[in-house]
Amino acid sequence: MSRDLEGLRRDYQIGQLHEDDAESDPIALFARWLGDAKNTTQLEPNAMTLATVDSVGTPHARIVLLKGQDGRNFNFYTNYLSNKSEELTACPLAALVFWWDQLERQVRVEGVVEKLSDKENDAYFQERPRGSRLGAWASRQSEIIESHDVLTKKMSQLEDQYPTEIPRPSHWGGYRVRATRIEFWQGRSSRLHDRLDYRFDGMSWIRSRRSP
Ligand SMILES: Cc1cc2nc3c(=O)[nH]c(=O)nc-3n(C[C@H](O)[C@H](O)[C@H](O)COP(=O)(O)O)c2cc1C
């Protein structure tokens, strides 16, 4: 094992998470923590790891961007023909992980996944920059391609095809993860971190503290 890696060590000291200070509603606590993260210099404070499983139970994880959050819903957009979408069709459950390093905080979300409506997809698609909208047509996400040139050639064809309006491809859209569990982790000294775990029982959120 590399000695360099063994020696990489950080003691977390900047914050604490006490029951008395934490909102009883995890959605409110999430909003506060996301707001704190937006006030740091983190490149993408809304980036989250999305974990899914395929039809044989193999886990897959990748980063996507949180693009909407209301109530228990955590929304992201992607390609409905991608590997992740195939996995979500086979098993509509997902886990999300946010890591806000400057705040020494992690949030884990788990829940059931549903597709967003055409109306929601159209509304967000039309807000995206022109390049991203054309990119949604150009990329068959997750497929094997010969080289990057395939994409640039496709993009110039699309520029001619859609000089003004760009319709949303039916294979592009979003998902909502309807949270049933949200855990907040604040790094503490000597690895004695704070973990507040909220579980949704169908009516309300039940909070417990977990050992680090
Ligand atoms: C910072 C960052 C943000 C990303 N945001 C998205 C996103 O919002 N949607 C998306 O489909 N892929 C996004 N990706 C790319 C994914 O990580 C992944 O490569 C892609 O979705 C294909 O995954 P799949 O083959 O497992 O379906 C992002 C990657 C990074 C590093």
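Modeller: This is a predicted model, and I would begin with Asp197, which counts as buried because its relative accessibility is 0%, under the 20% limit.

Biologist: Which residue forms a salt bridge with Asp197?

Modeller: That is Arg210, and the closest N and O atoms of the two residues are 2.9 Å apart. The pair links distant parts of the chain, since Asp197 sits in strand E8 (residues 194-200) while Arg210 belongs to the segment after strand E9 (205-209), 13 residues apart.

Biologist: Is Arg210 buried or partly exposed?

Modeller: Arg210 is partly exposed, with a relative accessible area of 35%, whereas Asp197 is buried.

Biologist: Which residues are linked with those two in a network of salt bridges?

Modeller: The network links Arg210 and Asp197 with Arg108, Glu110, Arg181, Glu183, Arg195 and Arg199. Within it, the side chains of Glu110 and Arg108 meet at 3.8 Å, N to O; Glu110 is partly exposed at 27% relative accessibility, and Arg108 is partly exposed as well, at 28%.

Biologist: Changing topic, what does Glu120 pair with?

Modeller: Glu120 meets Arg176 in a salt bridge of 2.9 Å, N to O. Glu120 lies in helix H4 (residues 118-127) and Arg176 in strand E7 (residues 172-186), so this contact ties together parts that are 56 residues apart in sequence.

Biologist: And how accessible are Glu120 and Arg176?

Modeller: Glu120 is partly exposed at 30% relative accessibility, while Arg176, at 14%, counts as buried.

Biologist: How many salt bridges does the count come to?

Modeller: The count comes to 19 salt bridges.

Conventions
Residues numbered from 1 in each chain as written. Predicted model: local features only at pLDDT ≥ 70, side-chain atom pairs only at ≥ 80, totals over all residues. Heavy atoms only, no water. Salt bridge = Lys/Arg side-chain N within 4 Å of Asp/Glu carboxyl O. Buried < 20%, exposed > 50% of the residue type's maximum accessible area, 1.4 Å probe, protein only. Helix = DSSP H or I, 4+ residues; strand = E, 2+ residues; numbered from the N terminus.
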